[in-house]
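Hi,

Here is the model I promised to pass on.

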Amino acid sequence: VVVLAMLVVNVVHELSDVFASVRRMSAWEYLTDAYNWIDWAHLLVMTLACVFWARYASLAAGFDVQLHYRVLSNPVSSARVLATEAAEEYALLEMVSEVRALSEAVV
């Protein structure tokens with residue numbers, strides 16, 4: 001929230017600089033000043049960062065991880081050691097799928 005507020009303050013400040021330079025008939029000076037280009041690049045990067053963060057936060061809010069996934073039917077069994085509980089295995093695979101989707105959305 002603080003970053004967003006400061007971003008809005010910086011955008012308003014930069015827009016006031018633009019309007020002031022237009023009123024003084026010195027828009028060309030404003031456009032040729034390298035520091036103004038740096039300011040706008042910074043504002044663009046910060047805006048994109050806020051958008052990506054909001055998207056990631058909305059995806060992560062729906063992410064649910066169980067404490068345990070009891071996939072094996074009987075972990076101490078000597079026969080059929082890899083027999084699984086279908087519902088638990090499905091829940092684990094769904095969680096892996098959600099993690100993959102979340103990581104792909106960030107990139």
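Of the contacts in the chain with a separation of 6 or more, 47% are between residues 24 or more positions apart (contact means heavy atoms within 4.5 Å). Bear in mind that this is a predicted model, where local features need pLDDT of at least 70 and side-chain atom pairs count only at pLDDT 80 or more, while totals for chains, interfaces and linings use all residues. Residues are numbered from 1 along each chain as its sequence is written, and side-chain values use heavy atoms, with hydrogens and water left out.

On the overall layout: the chain has 4 helices and 0 strands, in the order α-α-α-α. Helices (H or I, at least four residues) and strands (E, at least two) are DSSP runs, numbered from the N terminus. The radius of gyration is 26 Å, well over the 13 Å that the globule rule gives for 107 residues, so the chain is more spread out than a compact globule. That radius is taken over C-alpha atoms, and the rule is 2.2 Å times the number of residues to the power 0.38. The C-alpha trace spans about 85 × 20 × 15 Å along its principal axes. Buried residues (under 20% relative accessible area; exposed is over 50%, partly exposed in between, with a 1.4 Å probe and protein chains only) make up 13% of the 107 residues.

Now the helix pairs. The axes of H1 (residues 2-23) and H3 (residues 34-61) come within 11 Å and cross at roughly 150°. Axes here are lines fitted to C-alpha atoms, for helices over the stretch in contact, and angles run from 0 to 180 degrees between N-to-C directions. H1 and H3 are therefore roughly antiparallel (over 145 degrees; under 35 is roughly parallel, 65 to 115 roughly perpendicular and the rest oblique). Among the residues making this contact are Leu4, Leu7 and Val11 of H1 and Trp40, Leu43 and Met46 of H3.

H3 also packs with H4 (residues 86-106), at an angle of about 175° and with axes 10 Å apart, which makes this pair roughly antiparallel too. Here Arg55, Tyr56, Leu59 and Ala60 in H3 meet Leu102, Ala105 and Val106 in H4.

Met25 sits in the loop between H1 and H2 (27-32), and counts as exposed at 75% relative accessibility.

Cheers
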